[in-house]
Structure formats: structure tokens, C-alpha cells
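Student: I am new to this structure and would like to go through its backbone with you, one question at a time.

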Amino acid sequence: MHRDHRDDPADPLTAGDPGPPAPGGARRALRIGLGGPVGSGKTATVAALCRLLRGELSLAVVTNDIYTTEDAEFLLRHAVLAPERITAVETGCCPHTAIRDDISANLEAVEELEATVGPLDLVLLESGGDNLTATFSRGLVDAQIFVIDVAGGDKIPRKGGPGVSNSDLLVVNKTDLAPLVGADLGVMARDAKAQRGALPTVFCSLAAPEGVAPVADWVRERLAAWRTA
Ligand SMILES: Nc1nc2c(ncn2[C@@H]2O[C@H](COP(=O)(O)OP(=O)(O)OP(=O)(O)O)[C@@H](O)[C@H]2O)c(=O)[nH]1
Ligand SMILES: [Mg+2]
């Protein structure tokens, strides 16, 4: 018999998960995961989202790095949020293990943030940079963004994988570099559509002012839907 893993309090995937929200999404913050290959622009996206949304939302961030806390330090150095709103998880293992298989350290980090700086509207969780197969457990995040970049080659959407094909939002970043690396954005758009069907894809350059705007618009839409769920 099929069972929703959220039903099982002993399930290691969801231990500590507060479960679905109360009507109006008031019980806890919306959790959005950002995954994608090394260097595609996940931290840059988190930083830009924080700068754009911090005036309108109560935000917090959890970063994951394998051996360091470098991404959290970057966000702290650039003061994108107050320091108490940024937590680093040092995974010490393959990044996708900590976001998919044993999510306890990340869940603990989110719950600690909710307890210390809450109530929060939104928690962004950045995965360590990984390959095309990384995905977040649905017990950890409510929605996931997969960030790729044009410098990896315009073949990446065609190669598929769960992040490219099934993420709730595919971000194709660094469009400013397309002419320099010979990436055809039209090909990337066509292949992304073929892999994703109706799921949304946005193209952006975080090197441009307000370049994160299409991602922020999508986050606002998700949050509005969460609040009325
Ligand atoms: N030209 C250009 N550079 C970018 C853009 N977005 C990010 N970068 C640069 O790309 C590099 C990697 O960006 P990060 O945000 O650290 O990438 P990441 O995905 O978080 O990397 P890991 O966490 O190490 O996997 C940095 O030097 C950024 O400044 C963009 O749109 N255009
Ligand atoms: Mg990063």
C-alpha cells in the first residue's frame, strides 16, 4: 500500500518535519531549496533574492558546503541579511546526501532559525554544488529551484536529469556570458521546454542590476499560493 512518508513519524526522511502548514500557511515559513552544479550561481541567486526581498519579507538562509562554511561567509561578508538569519551546515559528505537522504542537520538548522528569528515568511536552503542528479527531499523543502549556467554549455538542458526535468523552477544563469562561450539560448530554451513541459524556466544574468527579478517574481507567486493553501 502506498503511504505518504510524511505519515510516518519514524521515517528518517521526515523526522522532525512539522508537516503541512495550517490553513493560510501560517504554521511555518515556505522553504525553497536551490540546487545545481558547482559554480552555477546558487549563492549569487540567494544573495540577490535576499537583497530584493528583505524589505518585504522575513527571510532566513541555510547554506550547505562539503568541507567549509564558505557560502555562508560570503553572504555574511556581503551583509545580505542580519548574521543571525544565516546558518551554515557543513555536510562533510556528498552534498545530495544532506538534502535528500539524511536531512536531519538541515531540518534542525531551519527549525533553529524559526525559533530564534521567527516568525519567518521564507527560508532559502542552498545545496552544496553537485551534479545533475541532485534533488531535495520533499520532507525538507516545499519547492526547489535548479540553477544551471550557460558556461557549462548549451547542451545542459538536453542532458536532462531530475533537476533539469522536474525542479519547480529551472534557472539558466549567466546569460551575459552566452556570446563569450558560444551558447545558443534559443537551443537551451527549446531543450528545457522539451524536458520540462509546462514547468517554468527563466533566463537571467545576475551580473545585471535586478537580474534576479524573474526568480523573485516566481518566489512571490509561490509564497502567495502557500499562504492561501
Ligand atoms: N558573469 C556572471 N558571473 C556570475 C553570474 N552569477 C554568478 N556569477 C559568478 O559565478 C561564480 C560562482 O557563483 P556562485 O554563486 O558562488 O555559484 P554557486 O553555484 O553558489 O557555487 P558552489 O556553491 O561552489 O557550487 C562567482 O564568481 C559569481 O560571481 C552571472 O550571471 N554572470
Ligand atoms: Mg554556493
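Student: In which loop is the place of Ala79?

Tutor: Helices (H or I, at least four residues) and strands (E, at least two) are DSSP runs, numbered from the N terminus. This is a predicted model, in which local features need pLDDT of at least 70, side-chain atom pairs count only at pLDDT 80 or more, and totals for chains, interfaces and linings use all residues. Residues are numbered from 1 along each chain as its sequence is written, while chains are lettered from A and ligands numbered from 1 in the order in which they are written. Ala79 has a positive phi of about 50° although it is not a glycine, and its place is in the loop between α2 (70-77) and β3 (86-90).

Student: Is Lys174 buried or exposed?

Tutor: Lys174, in the loop between β6 (169-173) and α7 (178-181), also has a positive phi, near 65°. A residue is buried if 20 or more other C-beta atoms lie within 10 Å of its own, exposed if 12 or fewer, and partly exposed in between, with C-beta atoms placed from the backbone. Because 25 other C-beta atoms lie within 10 Å, Lys174 is buried.

Student: Which residues does a cis peptide bond join?

Tutor: Most residues other than glycine have a negative phi, and most peptide bonds are trans. In the loop between α4 (104-117) and β4 (122-126) lies Pro119; here, with omega about 0°, the cis bond joins Gly118 and Pro119.
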